[in-house]
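Visitor: I'd like to learn how to read strands and helices in a model. Could you walk me through it?

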Amino acid sequence: MFDRYLIDEKSVRNIGPADAPTGFAFEARLGYYRGLGLSMIEELNITVDGEALPRAAVLFDEGPGPLTLDEMESAYDRRWAFGAPATISVDYSGGLAPGEHRVALQQKLRVSYMPFPSFNFDEKKVTI
Amino acid sequence: MTGIERGVSLYSFQEEMFLGQMSIEDCVAFAAAIGAKGIEILPEQNMPGFPNITDADIGWWQDLMARHGTHFTCYDMFLDTKRRKDRLMTDEEQVESIHRDLRLCHRLGIRNMRVLVFVRPDILGRCVPLAEELDIHMGVEVHAPWHLEHAWILRTIDEADRLGTKHLGILPDMGIFMKHYPPAFRGRFEREGARPEVAQFIVDQHEKKVMCEYTIFEVAVKMQGNPAEVRMAETLRHAPYANPKRIGDYAPYFRHIQAKFYEMTPDCTDPALAYDEVIPELVKAGWQGALSSEYEGNRWIQDVEPVDSREQVRRQHVMFERLLAQREGEAV
């Protein structure tokens, strides 16, 4: 319902030392009409120019501090609020090279009233 | 005068709220400005701190209602039975979660709670004592593809009858009265690649009320439909046209209506949902409660045009006023 708004393309930036970036980060929103506990966010699948990045490379932080996807599974006291940006950072040695890239985010959610997982997808062209 | 009041669910403004273009107060002020004084909320959408809601938060909401001359009509609950990856919530955990919502609903001074349709009737039966104590009606959302006489819905009604309670029942979502296929859906699928002649076939099949699986097979297999065409055909699984004439039979079981809609035309008619048949039946039944706008058209048009939820809701309320006034005129 909000797929086109998941990635804030203006927020995509490299992280780590400026001369030797260790990855990149961006602000994202949850593609759902309400907030959701972090334990129900099963996957944040990220691709760069079509290359799928490993699950273990992803960190998520809606404010209190970064968590891996494995840690989110039992983060029962934390929620991603409706419409609220959260920071997704990705280990990606060297960061994104200067120029244009396609960054994609797929969210896989465990929505209790649905018989199957819920998927949201957004892809944005970004320039570093 | 009928006992039907006009209201708005904050769900209607999800596009603008999500994008930070409207605040909660903007939504409530707009509702008040069009005379829709009944406000339905989704705490898990509208209260960022949920479920940790302080008395100061409650006070803020109550002041907001007072400032705009509005009042709450309904609290939309959720139940995260799949909160844990390794197992479903136990029955006791489900009851406790619903109790949490009943208590927050009560603190807000709200007397109707929308219950998700998938919640089991026996779990709700266990929540009836607290609902009675707090005087809250738990209404199971009758949402497409369920409909008023779906056997799953009838189980909740049976449970309410068995317990002899007025605090458990249903809460219809008007999407169950889809008399015509929504033009907004068709437009979206055509933009995604559905050929106009195939889209027209699907619309015609829905208009004739052909059972959806025939149409899906025709499109997917015989016509070798493309993905957008197959997806469009599959929406027919969620497009029931329940019989408005049965509303009177069920009116004792509901106190609130989610007035779902996907689009309103510039002349303030709904091209898809049969409000012109439903509202007279509600009036005839002497039903009392709120028609609470639930605009859900944003997701169908946001790829081509800016969403204007306010204008859509305004048009729906022009239609409500017209249909309600017609019935009152006839009653006189």
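Visitor: How many bridges join strand β2 to strand β9 in chain A?

Guide: Strands here are DSSP E runs of at least two residues, helices are H or I runs of at least four, and both are numbered from the N terminus. Two strands pair if DSSP finds at least two bridges between them. In chain A, β2 (residues 23-28) and β9 (residues 86-91) run antiparallel, joined by six bridges. Take A:Phe24: its bridge partner in β9(A) is A:Val90. Keep in mind that this is a predicted model, where local features need pLDDT of at least 70, side-chain atom pairs count only at pLDDT 80 or more, and totals for chains, interfaces and linings use all residues. Residues are numbered from 1 along each chain as its sequence is written, while chains are lettered from A and ligands numbered from 1 in the order in which they are written.

Visitor: Which sheet do β2 and β9 of chain A belong to?

Guide: An open one of five strands, with antiparallel pairing, in the order β1-β2-β9-β6-β7. At the edges sit β1 (13-15) and β7 (67-68) of chain A, each pairing on one side only.

Visitor: Now chain B: which residues of helix α9 are buried?

Guide: Buried means 20 or more other C-beta atoms within 10 Å of a residue's own, exposed means 12 or fewer, and partly exposed is in between, with C-beta atoms placed from the backbone. In α9(B), the buried ones are B:Val198, B:Ala199, B:Ile202, B:Gln205 and B:His206. Down the helix axis they fall within an arc of 125 degrees (taken from the directions from the axis to the C-beta atoms), so they line one face. On the other side, B:Pro196, B:Glu197, B:Asp204 and B:Glu207 are exposed.
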